Amino acid sequence: MKIVLACDHGGFELKEAVREHLTKKGYEVNDIGVYDTNSVDYPDYGKKAAELVAGSDDKGIVICGTGIGISIAANKVHGIRCALCTNEYMARMSRMHNDANMLALGNRVIGQGVALDIVDVWLSTEFEGGRHLNRVKKIMEIENI
């Protein structure tokens with residue numbers, strides 16, 4: 001599985017830690033930036049990451065200061081279900097019940113250790129399907145309105 005990884009300047013520090021963590025675990029990481037703390041606009045990176053994930057089997061992780069802005073931007077791309085998670089329970093449920101294909105994190109909201117635990121839970125949790133599949137389909141149908 002390839003993981004698309006993106007951030008703005010506010011998420012750079014955590015993105016670097018997540019990239020290193022994923023690489024050590026054997027994931028193929030497509031780091032599309034940013035590569036320093038110079039100010040950029042998070043919608044550009046949320047959109048770019050989401051476009052790479054949409055319609056593929058890849059997953060994406062996006063990071064900004066709070067995770068809010070970059071997740072909103074990612075969710076504007078057709079086919080994306082980006083979940084902003086601040087704990088392991090949210091990460092697990094976003095995969096089990098919502099089949100989230102992108103994870104958003106906030107560098108200024110959670111510590112690095114918590115973030116890496118969230119990433120591990122999110123990547124190791126499978127979608128349950130069943131009654132949740134119909135609900136996910138209804139979410140995706142909203143894009144067609």
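**Packing and surroundings of helix α2**

Helices α2 and α3 pack with their axes 8 Å apart and at an angle of about 45 degrees; the axes are lines fitted to C-alpha atoms, for helices over the stretch in contact, and angles run from 0 to 180 degrees between N-to-C directions. That makes α2 oblique to α3, where angles under 35 degrees count as roughly parallel, over 145 as roughly antiparallel, 65 to 115 as roughly perpendicular and the rest as oblique. The model is predicted: local features need pLDDT of at least 70 and side-chain atom pairs count only at pLDDT 80 or more, while totals for chains, interfaces and linings use all residues. Residues are numbered from 1 along each chain as its sequence is written, and side-chain values use heavy atoms, with hydrogens and water left out.

The crossing of α2 and α3 is right-handed, a crossing being right-handed if the near helix is turned clockwise from the far one by less than a right angle, and left-handed if anticlockwise. On the α2 side, the contact (heavy atoms within 4.5 Å) involves Tyr42, Pro43, Tyr45, Gly46 and Ala50, which meet Gly69, Ile70, Ala73 and Ala74 in α3.

Helix α2 comprises 12 residues, 42-53, and reaches 17 Å from its first C-alpha to its last, close to the expected 16 Å; the expected span is 1.5 Å times one less than the number of residues. Helices (H or I, at least four residues) and strands (E, at least two) are DSSP runs, numbered from the N terminus. Gly46, Ala49, Ala50 and Val53 are the buried residues of α2, buried meaning under 20% relative accessible area, exposed over 50% and partly exposed in between (1.4 Å probe, protein chains only). Seen down the axis of α2, these buried residues fall within an arc of 100 degrees, so they line one face of the helix; the arc is that of the directions from the helix axis to the C-beta atoms. Their cover includes β1 (2-7), β3 (59-64), α3 (68-75) and β5 (102-106).

Glycine 55, which follows α2, has a positive phi, near 75 degrees. A cis peptide bond with omega of about 5 degrees joins glycine 33 and valine 34, and valine 34 is placed in the loop between β2 (28-31) and α2. Aspartate 99, although not a glycine, has a positive phi of about 50 degrees. This aspartate 99 sits in the loop between α4 (88-96) and β5 and is partly exposed, at a relative accessible area of 21%.
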